[in-house]
Amino acid sequence: GGGRWRGGPSFPRGGRGGSLEGGEPSSNATEGSGEGAFQTDSDSPRTAAELAAVLRQIDGASYPQYQRLQGQWVFPEFTLFVDRVQGDAYGPPSRARARVPMGTAGFPR
């Protein structure tokens with residue numbers, strides 16, 4: 001059988017200091033309009049339900065469609081930041097981080 005690879009951006013594992021690369025995201029505003037435009041850190045956060053809808057829409061799509069994941073996604077107990085999305089198969093990896101409130105994380109003070 002000849003299965004077709006449905007690749008997309010890779011998200012690295014591990015990290016340090018709350019960010020996968022140890023730094024804060026740059027504010028790379030990409031202009032766009034209409035349905036395919038994505039948001040940056042300066043735009044309002046989107047919900048977990050909106051993320052689920054975007055993921056369904058871009059499943060198996062080409063790399064440029066994954067740019068729609070960039071931005072803030074608010075969940076009930078944490079906020080997901082997708083700081084950078086891999087632009088092509090040979091490009092630098094995607095960067096994402098999660099911010100969890102201290103009370104939710106349960107870290108001692």
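Is Ser-94 buried or exposed, and what is its relative accessible area? Ser-94 is buried, with a relative accessible area of 0%; here buried means under 20%, exposed over 50%, and partly exposed in between, with a 1.4 Å probe and protein chains only.

Hello everyone, a word on the model before we go on. It is a predicted one, where local features need pLDDT of at least 70 and side-chain atom pairs count only at pLDDT 80 or more, while totals for chains, interfaces and linings use all residues. Residues are numbered from 1 along each chain as its sequence is written, and side-chain values use heavy atoms, with hydrogens and water left out.

Now the overall layout. The chain has two helices and four strands, and from the N terminus on they run β-α-β-β-β-α. Those are DSSP runs numbered from the N terminus: H or I of at least four residues for helices, E of at least two for strands. Of the 109 residues in the chain, 30% are buried. Taking contacts with a separation of 6 or more, 47% are between residues 24 or more positions apart, where contact means heavy atoms within 4.5 Å.

Back to Ser-94, which lies in the loop between β3 and β4. Gln-86 is found in that loop too, between β3 (79-84) and β4 (95-99), and Gln-86 is buried, at 4% relative accessible area. What lies 2.8 Å from the backbone nitrogen of Gln-86? A polar atom of the Ser-94 side chain does. The side chain of Gln-86, in turn, has a polar atom 2.9 Å from the backbone oxygen of Asp-88.

Let's turn to the rings. How many aromatic pairs are there? The count comes to one, with rings of Phe, Tyr and Trp (its six-membered ring) pairing if their centres lie within 6.5 Å; planes under 30 degrees apart count as stacked, over 60 as edge-to-face and the rest as tilted. The ring centres of Phe-75 and Phe-78 are 4.5 Å apart and the planes are at 10°, so this pair is stacked. Phe-75 is partly exposed at 23% relative accessible area, and Phe-78 is partly exposed at 30%.

Last stop: the charged end of Arg-97 sits over the ring of Phe-81, 4.2 Å from its centre. The rule there is NZ of Lys or CZ of Arg within 6 Å of the ring centre and within 35 degrees of the ring normal.

Key: Polar contact = N/O pair within 3.5 Å; in protein donor to acceptor, adjacent residues only side chain to side chain.
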